[in-house]
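Hello,

Here is the structure I promised to pass on to you. Have a look around it first, and then read my notes below.

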Amino acid sequence: MWQDLDLTVNKIAPDKRTEKPPQDALGFGDHFTDHMFLMKWDRDNGWHDAEICPYGDFSMDPAAMVLHYGQAIFEGLKAYKGENEQIFMFRPEDNLERMNTSALRMCMPRIPVDKVLKGLKALVYLDRDWIPTVDGATLYIRPTMIAVEPALGVRPAGQYYFYVIMSPVGAYYAEGFSPTKIWVTDKYVRAVKGGVGHVKTAGNYAASIMAAEEAHKAGYTQVLWLDACERKYVEEVGTSNIFFRINDELITPPLGGSILGGITRDSVIELARSWDIKVNEKQISIDEVIAACEDGSLQEVFGTGTAAVISPVGELCYQEKKHIIAEGNTGELSKRLFEELQAIQNGKVADPFKWILRIG
Ligand SMILES: *Cc1c(COP(=O)(O)O)cnc(C)c1O
């Protein structure tokens, strides 16, 4: 059925176009472009009715299964504008493949990666004037799949929507590339092995909000999650993967089922190895991290994710004790990785890893 997935394009009327927000006040995820991609799936017809259409509401039955049992998965990636109006996406196929990994775990239908990628390119190109041009600002892309069959049974749905919306977002570090303060929680956990921590499904984020709220109340930016069984091993930071630089070695927790396999994480590992930096994917306990902080061997800590790319950590608070990392400064490797990844994403330097897809 994927073979005959034709894409119709229904452009917005010129007088219905949304006025673009000023580029210096974009924030994150507050504004949406003029068009979206939408396709539907049902058991009899597979994916069908693929279209690019004006951004807008769709109606759903109050019994739509996603609203009750949370069968919802999503992705996050970006489009960038380089010199001469060139348009790039960073590893988009990896995002769509990861969405299929999520779909499998959530008993949702797989998407046809090639066709969706084509639709995605057409969508970004159509709304290309929405890609910000100021330094660091980008177009954030959010593919989403939800169960829309109206029924109250807990089982795979017979109908789904897949859609892609896009949001111009401001530079993550508008006020400079500065370290964040992280709250280590041993009260809440994010995911367990055997669960859904390794998939981008809505419920993971709903379950994380309370811990983040407590961190914010205490004056911290994000939560550092420990493993659910022993509350001992480091897993992730907020919705980012985490790296530690100890004795010139880069350490990041292995993908064991409870951690999301970030595309930025993978890119950092490849990039660091290409610079002859030793990267070790291994379990690391919070006690080891704190011991390394105290004996001076902990050089840097940073998070990785599409939104911020690299997010340096300047302070960890664990069991009410504060630990300052690298005197609260941004580490040199964090800075180097951030600059190189951003330059690759903007098409400013060579792309030896073939991560960039040029679409216009
Ligand atoms: C999306 C996400 C990441 C980062 O993945 P990227 O592909 O690098 O954006 C890390 N952890 C969680 C929990 C996530 O949802």
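Before the contacts, one term: a polar contact is a pair of N or O atoms within 3.5 Å. Please also keep in mind that this is a predicted model.

Let's start with the ligand. Which residues come nearest to it? There are 14 residues around the ligand, and Lys200, Tyr205, Glu236, Thr264 and Thr306 are the ones that come nearest. If you sort this shell by class, you get three nonpolar, seven polar and four charged residues.

The side chain of Thr264 has an N or O atom 2.6 Å from an oxygen atom of the ligand. For Glu236, a side-chain N or O atom lies 2.5 Å from a nitrogen atom of the ligand. How much of the ligand does the protein bury? On its own the ligand exposes 390 Å², and the protein buries 96% of that area.

Next, the place where the ligand is found: it sits in the largest pocket. That pocket has a volume of about 810 Å³. Its lining is made of 37 residues, and those nearest the centre are Tyr172, Thr239, Ser240, Ala307 and Ala308. By class, the lining of the largest pocket holds 14 nonpolar, 17 polar and six charged residues. Several elements supply at least two lining residues each, namely β7 (138-147), β9 (180-185), β11 (234-237), α5, β15 (298-305) and β16 (309-318). The largest share comes from β15, with three residues.

Finally, there is a cavity to find. How many cavities of 30 Å³ or more does the whole structure have? The search turns up one, and the volume of the largest cavity is about 100 Å³. Its lining consists of Gly76, Leu77, Lys78, Tyr80, Phe90, Asn95, Ile263, Thr264, Gly305, Thr306, Val309 and Gln345. Two or more of the lining residues come from each of β5 (77-81) and α5 (263-274), and β5 gives the most, with three. The classes here are five nonpolar, six polar and one charged.

Enjoy exploring, and write back with any questions!

Best wishes

Terms used:
Residues are numbered from 1 along each chain as its sequence is written. This is a predicted model: local features need pLDDT of at least 70, side-chain atom pairs count only at pLDDT 80 or more; totals for chains, interfaces and linings use all residues. Side-chain values use heavy atoms; hydrogens and water are left out. A residue is near a molecule or strand if one of its heavy atoms lies within 4 Å of it. A polar contact is a pair of N or O atoms within 3.5 Å; within protein, one must be able to donate a hydrogen and the other to accept it, and residues adjacent in sequence count only if both atoms are side-chain atoms. Accessible areas come from the Shrake-Rupley method with a 1.4 Å probe; for residues, only the protein chains shown count as cover. On a 1 Å grid over the protein atoms alone, a cavity is a set of points where a 1.4 Å probe fits but cannot get out, and a pocket is an open set with protein on both sides within 12 Å along at least five of seven lines; lining residues have an atom within 4 Å of a point. A molecule sits in a cavity or pocket if more than half of its atoms lie within 2 Å of its grid points. Ala, Val, Leu, Ile, Met, Phe, Trp, Tyr, Cys and Pro count as nonpolar, Asp, Glu, Lys and Arg as charged, and the others, Gly among them, as polar. Grid points are joined across faces, edges and corners, and a volume is the space filled by probe spheres set on the points. Helices (H or I, at least four residues) and strands (E, at least two) are DSSP runs, numbered from the N terminus.
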